[in-house]
Amino acid sequence: RATGRARRAAVSARSGDSSGDEVLNDMCGGLVAEPPHLSDWVDLPELPNPIAQLPAYEQARRWYIDPADSVVRTAVKNPFRDLDTGLYVRAGPREEVVFRPDEVKAAIVTCGGLCPGLNTVIREVVHCLVRQYGVPESHVFGVEGGYRGFYARNLTGLDLKAVEGIHNRGGTMLGTSRGGHDTKKIVDAIEDRGLNMIFIIGGDGTQRGADAIYSEVRARGLKVSVIGIPKTIDNDVCVIDKSFGFDTAVEEAQRAIDAAYVEAESAMPVGVGLVKLMGRHAGFIAMNATLASRVVDLCLIPEVHFPMDGPDGVLAHVADRLEKNGRCVIVVAEGAGQEYLQDAWEGKATDASGNRMLADIGLWLGDQLKAHF
């Protein structure tokens, strides 16, 4: 990745102006969300990308990302609304890097809940560092047990042999946990062990922790890159189109929906199948599994409020489906309808990642249906 300094210099040179971000914004036609970079607090060298030295990647220089490249935040233009001119820096290999391969000491950590594909991500990070960028195998490590593993456990070596075949196994070979984030202890351990490239795989709580680590690293003036890899089975991460593991989650959810359909279809005289799926604040799993299964009569997600009573309510719709089809299949995301359970979750503690504990919408909705029908 090119330094922020190189990026600003490239666009300034093209414009004949020495100003930095203003020139970049003018050239790109919008406001660029420039991420923090090591060059903001450390004087860095600009080294040739080692990818170009490998025979397998000798054509790679054709695919380097231009430092002035940006990605538009909104691809839709409406002539009756203000144009969203927000832009993001385009990710991808740059012609210059700031670490020599033999200088890198990288660590990978997984935090929070499990998600399909965690081992695949670990494996690909190791292979990318070693096989593409020439980092010595002995310089890549894993942190076991989540954030607390930085200061409570020894590092484990992650050479190519250690990660071979792990993509065929579920879970994470490094183990994971919630909480355990102590910024000072973590950065102390990073500094003591000479680590300078930290890959943090986790969800929103984990990435908040990564941001705290970055802030402490910057405050100490350390040459340490903090790289957040978004992990969420709910697919509720901004900017990216799809998070890893989401497709697998949808596929598994379909199995539960199919089973609920069989139960509801077989029940006499009528049957209701109710499936609760993951989705704390976003209903992507519930929605996509519903569209894929083609047998769901009602899908409830956190983003859309639904009335229980009245002609347009849930109970009326279920009654209509039962009358016409003799069965009804309902899919509900775990975060949907929480406004109906305020008494249940009011004052509830948060989990170790800082997320508020949700009341069980599945049990509540099941009780409502039993009482009504």
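Me: Over how many bridges do β11 and β13 pair in the parallel sense?
Reply: Happy to start here: β13 spans residues 327–333, and strands are DSSP runs of E of at least two residues, numbered from the N terminus. Two strands pair if DSSP finds at least two bridges between them. This is a predicted model, where local features need pLDDT of at least 70, side-chain atom pairs count only at pLDDT 80 or more, and totals for chains, interfaces and linings use all residues. For β11 and β13, the parallel pairing runs over seven bridges.

Me: Which residue of β13 is the bridge partner of Gly273?
Reply: Residues are numbered from 1 along each chain as its sequence is written, and side-chain values use heavy atoms, leaving out hydrogens and water. With that numbering, β11 covers 271–277. The partner of Gly273 in β13 is Val329.

Me: What is the strand order of the open sheet?
Reply: Good one to trace by eye. The edge strands, each pairing on one side only, are β11 and β12 (298–300). With parallel pairing, the order of the three strands is β11-β13-β12.

Me: At about what angle to β11 does helix α12 run?
Reply: Helix α12, residues 361–372, lies across β11, β12 and β13. Axes are lines fitted to C-alpha atoms, for helices over the stretch in contact (heavy atoms within 4.5 Å), and angles run from 0 to 180 degrees between N-to-C directions. Helices themselves are DSSP runs of H or I of at least four residues. The angle of α12 to β11 is about 165°.
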